[in-house]
Amino acid sequence: MAAPESGRALGSAPRHLGTAQPPGTGWERLRELWHRDELQQYPEETLNIIKATFSGAVIGWAYGGLPAFHHAKTQYIERSQAEIFQNRLDAVQSAHRAAVRGFIRYGWRWSWRIATFVAIFNTVSTGLSVYRNKTAFSHFAAAGAFTGGLFRVHLGLSRMAAGSVFGAAFGIPAGGLLLAVQKLAGETIQEKRTRERRLLHEQKLAEWKARLNVTEADLEEIVSNTQEGTMERDIEKIQELLNLPKNPLPSEDRN
C-alpha cells in the first residue's frame, strides 16, 4: 500500500505550518493586508488605518462642532433679543438647543471630511509601504498628493493641482512624525511583522514536533500491545487444540 504523502519525507513539517519568510511579491503582501491570520486577527497596518480613521472623525467633530456650538449660541442670543420667553429657563433651553444643532451640523461636516481624508491617506501610504516592503517619505508625499487632488477633483484641474500640492506638503511632515515614532520604538511595522511571523512559525513547528513525538510513542505502545495480545491468543488456541479429544481410529469405528 502506498504512503498517503509520498512526496514528503518522514518527519518533515506539514504544509499548513507555512513559512517564516514574508510573501514574495507586493501583490501577495497587499492581499495579506486584508485577510485574517491564523489567530483570526487582522494585520496591525489594517487596525492602524481603522484607528486613525476613527480618531480623525472624533477630532474633526470636535474641531468643527465646538466653535459652531459657541457661535450658534451667540447668534441665537443676539437674534432673540426681541423675543418673549415664558421664563429664564425657557430662554436658556432654547439657546442650548440652537447651540446643539450647530454642534451636530458643523461637527458632522468636518468629521466625515477629515475621517475620509485620513482613511484614504493612510490606505494609500500603507499600501505603498506594504507593496514595496519598506517605509519612505515618498510614500506619504504620494498619498497626500493623491488624497488632496481627489478632494478637489470636482473643482477643476487647477484646484485639483493645488489640492495635490497641499496634500503632499501635509504628507511629508506626517510621514516624518510616523517614522520618528517607529524609530523610537526600535523597529518598523514591516520588521515587526516579519519577527512575529517567524516567532509564530517556530512556535507552530515546536508544537507539531511535540505532537509527532507523542504520536510515535503512542504507535509504539499500540504495536507492542498488539503483538503481546496476538501471542497470548495464539498460545490459547494451541492449548485448546491440545485439549481436544482424539479422533477414533478406523478399526475402532468398525468394531
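Helices are taken as DSSP runs of H or I with at least four residues, numbered from the N terminus. On this basis, His139 is placed in helix α4 of what is a predicted model.

The protein chain contains seven helices and zero strands, and its elements follow one another along the sequence as α-α-α-α-α-α-α. Of its 255 residues, 22% are classed as buried. Among contacts in the chain with a separation of 6 or more, 68% are accounted for by residues 24 or more positions apart.

The packing of helices α4 and α5 was examined next. Two packed helices are described by the angle between their axes and by the distance between those axes. Helix α4 spans residues 137-151 and helix α5 spans residues 157-185; their axes come within 6 Å and cross at roughly 145°. The crossing of α4 with α5 is right-handed. On the α4 side, the residues that meet α5 are Phe137, Phe140, Ala141, Gly144, Ala145, Gly148 and Gly149. Their counterparts in α5 are Met160, Gly163, Ser164, Gly167, Ala168, Gly171, Ile172, Gly175, Gly176, Leu178 and Leu179.

His139, also located in α4, has a relative accessibility of 2% and therefore counts as buried, the limit for that class being under 20%. When neighbours within four places in sequence are left aside, the contacts of His139 are with Ser125, Leu128, Ser129, Arg132 and Lys134.

Together with Leu47 and Ile50, Tyr42 makes a nonpolar surface patch of about 270 Å². Thr46, by contrast, is found in helix α2 and is buried, since its relative accessible area is 5%. Apart from neighbours within four places in sequence, Thr46 is in contact with Leu33 and Trp34.

Notes:
Residues are numbered from 1 along each chain as its sequence is written. This is a predicted model: local features need pLDDT of at least 70, side-chain atom pairs count only at pLDDT 80 or more; totals for chains, interfaces and linings use all residues. Side-chain values use heavy atoms; hydrogens and water are left out. Patches are made of residues with over 30% relative accessible area and no salt bridge: like charges are joined within 9 Å, nonpolar side chains (Val, Leu, Ile, Met, Phe, Trp, Tyr) within 5 Å. Accessible areas come from the Shrake-Rupley method with a 1.4 Å probe; for residues, only the protein chains shown count as cover. A salt bridge is a side-chain nitrogen of Lys or Arg within 4 Å of a carboxyl oxygen of Asp or Glu. Axes are lines fitted to C-alpha atoms, for helices over the stretch in contact, and angles run from 0 to 180 degrees between N-to-C directions. Helices (H or I, at least four residues) and strands (E, at least two) are DSSP runs, numbered from the N terminus. A crossing is left-handed if the near helix is turned anticlockwise from the far one by less than a right angle, and right-handed if clockwise. Contact means heavy atoms within 4.5 Å. Buried means under 20% relative accessible area, exposed over 50%, partly exposed in between (1.4 Å probe, protein chains only).
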